[in-house]
Amino acid sequence: DWMAQQRTSVKMHHTPDIWGEAGNTSGKGGNTINTATMASSPGGPGKKKVAGQQSQSSQQQDGGESWWQRKVVLPVKRVFTQKISSHDLALSLAFGIMGGLFPVPGLTMVVCTVFVYLFSLNLPATQLVNVLLTPVELALMLPFIRLGELLFSVQSPLSGDELSARLGEGAISAISALSMSFVRAVCAWCLVTIGGVAVLYYALRFVLKRALPAKYA
């Protein structure tokens, strides 16, 4: 009996250790499996990091083409890929060019919109040219004022420095201070526009008939 009790106590003493080791082994195995699973799973941290880097690089590439592509190239492509005849497109561009050169600051969009409704023009084409010609409009403002002074025989012409100073104060301030100069400039612009639209229309129509598909020429 004593020997049987000793054997039983030995078994009972060692059994928890065996199960503990097995449990630890199982746990280690489980951890190994989990680690492998995490490494190989599609949404694992490694792949998430790579995906984040790829997303960041693609955003940088988008930013590289950014402003010029979005604001100039794409709008121009949209205008020239519309289903519109060469006559309508040439007329819209011609009026857009002359409207974009209107020599009063801040009013070119209004003038182009009036042209669109008076002559049934293509609004995107007309306004696109208007926006693109903003630097040219500012550069030609003084020449139109000079032409207006010539038409009305003005004895004391407006200086370029005064025009620049007034424009620096804002469009409304410039218009109120130099109202007569702008009125004369508008008269000169009207004379130029009458001939300018005709010349631009025929020149653009000639180019567009060869550039656009035959069914839109």
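How many aromatic pairs does the structure hold? It holds 6, where a pair means that ring centres of Phe, Tyr or Trp (its six-membered ring) lie within 6.5 Å, with planes under 30 degrees apart called stacked, over 60 edge-to-face and the rest tilted. Before you click on, note that this is a predicted model, in which local features need pLDDT of at least 70 and side-chain atom pairs count only at pLDDT 80 or more, while totals for chains, interfaces and linings use all residues. Residues are numbered from 1 along each chain as its sequence is written, and side-chain values use heavy atoms, leaving out hydrogens and water.

**Stop 1: the aromatic rings**

Select Phe-95 and Phe-119. Their rings are stacked, at 4.5 Å centre to centre and 20 degrees between the planes. This pair links distant parts of the chain: Phe-95 sits in helix α3 (residues 86-100) and Phe-119 in helix α4 (residues 108-119), 24 residues apart. Helices here are DSSP runs (H or I, at least four residues), numbered from the N terminus. Phe-95 is buried at 9% relative accessible area, whereas Phe-119 is partly exposed at 41%; buried means under 20%, exposed over 50%, and partly exposed in between (1.4 Å probe, protein chains only).

Phe-115 is buried, with 11% relative accessible area.

**Stop 2: a charge over a ring**

Jump to Phe-206. What lies over the face of this ring? Arg-210 does, at 3.9 Å from the ring centre. To count, NZ of Lys or CZ of Arg has to be within 6 Å of the ring centre and within 35 degrees of the ring normal.

**Stop 3: the salt bridges**

There are 2 salt bridges to find, each a side-chain nitrogen of Lys or Arg within 4 Å of a carboxyl oxygen of Asp or Glu.

Pick Arg-146 and Glu-149, which meet at 3.1 Å, N to O. They are 3 residues apart in helix α6 (residues 134-151), so about one helical turn separates them. Glu-149 is buried at 5%, while Arg-146 is partly exposed at 33%.

Finish with Arg-166 and Glu-169, whose closest N and O atoms are 3.6 Å apart. Arg-166 is partly exposed at 29%, and Glu-169 is exposed at 51%.

Technical notes: Helices (H or I, at least four residues) and strands (E, at least two) are DSSP runs, numbered from the N terminus.
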